[in-house]
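Biologist: I would like to learn how to read a few features of a model. Could we take them one at a time?

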Amino acid sequence: MRVLSVVGARPQFVKLAPIAHAMAAAGHEHVIVHTGQHYDAKMSDVFFADLRIPAPDVHLGVGSGTHGVQTGAMLSALDAVLLEHRPDWVLVYGDTNSTIAGALSAVKLHLPLAHLEAGLRSFNRRMPEEHNRVLTDHAADLCLAPTEVARGHLAAEGLAARTVVTGDVMTDVCLATAATVLADEPAPPAGLASGEFVLSTIHRADNTDDPQRLRAIVEGLAALPYPVVLTAHPRLVAKAAEHGIDLAQGSVHPVEPLEYPAMVAALGQARAVVTDSGGLQKEAFLLRTPCTTVRTETEWTETVDLGWNVLVTDLSTLTAVVDRPAPEPPDAAPYGDGHAAEAAVRALEEHLPR
Ligand code: UD1
């Protein structure tokens, strides 16, 4: 079986890692195409190195742009690549512009398409990620869903027959990485003490692009009664500079984006997490660090239902919410047992179009 993976943004490299390893273990041919959506070394190369992902076979070098320009550039470059390799499956990951570009390119060339992390929904149609994931699910021949909640969403949209629940591949990587890095008791970031800092990331367009909203979030973080390690995504740095907002105020210690093992270590050591990332909410849950999400909704609803994640829209409540006690450890394991990538590869084998 020959599978061609299309990736381009930071969270996709994390998802690619266990898939690449499971593909190699099963003896399949795996072609990796990097669109170039994320191009800074700290957003891309270090993930390939740390997670032992083979170097991309093809790099499209697309870079930044408006959604249409960025997605269109990927689309026009992908035709030739897909036609050259003629894979048994084109595999796309998550919900970024690289996902929708890979999906459109595959279906237009009549190549079988599988979507990893299918069925997530925020039901917020303002989010570019929501357009990307809904359209990709409906284009896909095989929807690889991480959870039963995701299966339910796909079923409600008429996609039950092409859905397989595999578990969540980010859980595979997170649990394996945590077991290694935390055993070494690494020094926490910014010279802080374990258990005494809040770890934060903010990068969603809805939070960064409106100056008033971004100012309120940074001021909320600055007023927290604990040091806040703010790992600053390039979008956050660019928008803060554009709006004249100083990130290094009050409790906030801005730092460069962390490499994956360092991020997992910091997550395990933090007393709390404040984020608008999807993946981080789930990773916080897996490492039993209470999470506060600065959004109106989440795709990972299990984290909220089990008491480990609270959504904050009114920023005046941020300190009170972040300072809440940790809940009881849950018995439930909604994201699987750490072997989702093997299940995904098995599903690709079993549903191979004839
Ligand atoms: C993208 C995904 C988002 C995901 C996030 C993870 C879409 C629509 N969004 O958002 O779902 O959570 O990746 O990080 O695909 N930039 C750099 N260097 C880089 C990458 C980006 O400087 O390596 C800057 C550029 O100014 C760019 C901006 O960040 O314009 C935004 O990058 P982009 O890839 O468009 O989207 P993200 O915000 O990263």
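The dialogue below goes through an annotation, a group of rings and a helix.

Biologist: What should I know before starting?

Modeller: This is a predicted model, in which local features need pLDDT of at least 70, side-chain atom pairs count only at pLDDT 80 or more, and totals for chains, interfaces and linings use all residues. Residues are numbered from 1 along each chain as its sequence is written, and side-chain values use heavy atoms, with hydrogens and water left out.

Biologist: Which residues does the UniProt domain annotation cover?

Modeller: The unreviewed UniProt entry places "domain: UDP-N-acetylglucosamine 2-epimerase" on residues 27–349. UniProt positions follow the numbering used here, feature names are shortened, and annotations may be inferred rather than shown by experiment. The end C-alpha atoms of residues 27–349 are 12 Å apart, and the span is 42% helix and 14% strand. Helices (H or I, at least four residues) and strands (E, at least two) are DSSP runs, numbered from the N terminus.

Biologist: How many aromatic pairs are there?

Modeller: Rings of Phe, Tyr and Trp (its six-membered ring) pair if their centres lie within 6.5 Å; planes under 30 degrees apart are stacked, over 60 edge-to-face, and the rest tilted. The count by this rule is three aromatic pairs. In one of them, the ring centres of Phe-285 and Tyr-335 are 5.7 Å apart with planes at 85°, so the pair is edge-to-face. Phe-285 belongs to helix α12 and Tyr-335 to the loop between α14 and α15, so this pair ties together parts 50 residues apart in sequence. Trp-300 and Tyr-335 have ring centres 5.5 Å apart and planes at 80°, so this pair is edge-to-face.

Biologist: Is Trp-300 buried or exposed?

Modeller: Buried means under 20% relative accessible area, exposed over 50%, and partly exposed in between (1.4 Å probe, protein chains only). Trp-300 has 3% and is buried. Phe-285, at 2%, counts as buried, and Tyr-335 is buried at 1%.

Biologist: Which charged residue lies over the face of Trp-300?

Modeller: A charge sits over a ring if NZ of Lys or CZ of Arg is within 6 Å of the ring centre and within 35 degrees of the ring normal. Lys-282 lies over the face of Trp-300, 3.6 Å from the ring centre.

Biologist: How many residues of α4 are buried?

Modeller: Nine of the twelve residues of α4 are buried, including Asn-97 and Ile-100.
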